[in-house]
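Trainee: I would like to learn how to read the features of a model with care. Could you take me through this one, giving the general idea before each case?

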Amino acid sequence: MCSNPAPSGVVAGSEAYGCHAYGDEELARGLVAGDEACLIAVHRRWSGLVYGLARRSLGDAREAEDVTQQVFLGVWRGRHGYRPDRGPLAGWIVGIARRRIVDALSARTRRADLVAAAGSALLLTGGTAPGPEAVLDRVVVRQALARLPGPQREVLRLAFFEDLTQTQIAARTGWPLGTVKSHARRGLHRLRDSLEQRAGAIDAETVH
């Protein structure tokens, strides 16, 4: 298998020595047996393929990196479920990748729906009485915004509630445009993560 000891001065699993020289079947046997060096070799051999699939499907480098990490974590945890008679190792890994991509797209849809609902609730004015769900959405988003650092919160507040462009926000605050863009990007990432947790909680409640 892959766990042959590396000669002195050579890192086990490196390109100079180890599992990279093995064929797919030998890698698969080592992986199923729990050889971490084989996992490293498997990652080297197919991570580019997995990342490419995720990047094309999701259109986002950060999400594609997350999915790639999840895929190989799934490969390691689910290695005993691999059956060579059902297809090659590469096909099994691609199957895991496709499922993770679908999960990521579903999570994105849930986040978008929640943000849209919450945004609508926050914009309710006048005599329109918000229902219980709208009130909850409003509370969730306000809590998420309140947890952001001050500059990020201010940029998102001006963008969402005063409908200002990033150039206008820079003029209003006196911050450089690049700083405004950075605060907006980081704030949106944090807000997304917070709302994703909320969406995940809703999914868990639905399942139970």
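Trainee: What share of the contacts in the chain with a separation of 6 or more do residues 24 or more positions apart account for?

Mentor: Before the share itself, bear in mind that this is a predicted model, in which local features need pLDDT of at least 70 and side-chain atom pairs count only at pLDDT 80 or more, while totals for chains, interfaces and linings use all residues. Residues are numbered from 1 along each chain as its sequence is written, and side-chain values use heavy atoms, with hydrogens and water left out. A contact means heavy atoms within 4.5 Å. Among the contacts in the chain with a separation of 6 or more, 54% are accounted for by residues 24 or more positions apart.

Trainee: How many helices and how many strands are there in the chain?

Mentor: Both are DSSP runs numbered from the N terminus, a helix being H or I with at least four residues and a strand being E with at least two. The chain has eight helices and zero strands, and from the N terminus its elements read α-α-α-α-α-α-α-α.

Trainee: What percentage of the residues of the chain count as buried?

Mentor: Buried means under 20% relative accessible area, exposed means over 50%, and partly exposed lies in between, with a 1.4 Å probe and protein chains only. Of the 208 residues of the chain, 35% count as buried. For the accessible area itself, the Shrake-Rupley method is used with a 1.4 Å probe, and for residues only the protein chains shown count as cover; the chain exposes about 12,300 Å², of which carbon and sulfur atoms supply 54%.

Trainee: Which residues is Phe72 in contact with, leaving aside its neighbours within four places in sequence?

Mentor: Phe72 lies in helix H3, and it counts as buried because its relative accessibility is 5%. With those neighbours left aside, its contacts are Leu39, Val42, His43, Trp46, Ser47, Val50 and Ile93. The C-alpha atoms of Phe72 and Ile93 are separated by 8.1 Å, although these residues are 21 apart along the chain.

Trainee: How many salt bridges does the count come to?

Mentor: A salt bridge is a side-chain nitrogen of Lys or Arg within 4 Å of a carboxyl oxygen of Asp or Glu, and by this rule the count comes to two. In one of them, Arg45 pairs with Asp24, the closest N and O atoms being 2.9 Å apart. This pair links distant parts of the chain, with Arg45 in helix H2 (residues 36-58) and Asp24 in helix H1 (residues 24-32), 21 residues apart. Arg45 is partly exposed at 30% relative accessibility, and Asp24 is partly exposed at 34%. Another joins Arg157 to Glu154, again with 2.9 Å between the closest N and O atoms; because Arg157 and Glu154 are three residues apart in helix H6, about one helical turn separates them.

Trainee: Where does the charged end of Arg45 sit?

Mentor: A charge sits over a ring if NZ of Lys or CZ of Arg is within 6 Å of the ring centre and within 35 degrees of the ring normal. The charged end of Arg45 sits over the ring of Trp46, 5.7 Å from its centre, and Arg79 lies over the face of Trp76, at 4.0 Å from the ring centre.

Trainee: How many aromatic pairs does the count come to?

Mentor: Rings of Phe, Tyr and Trp (its six-membered ring) pair if their centres lie within 6.5 Å, and planes under 30 degrees apart count as stacked, over 60 as edge-to-face and the rest as tilted. The count comes to one aromatic pair. Tyr82 and Trp92 form this tilted pair, 5.3 Å centre to centre with 50° between the planes. Tyr82 lies in the loop between H3 and helix H4 (89-122) and Trp92 in helix H4, so the pair ties together parts that are 10 residues apart in sequence. Tyr82 and Trp92 are both buried.
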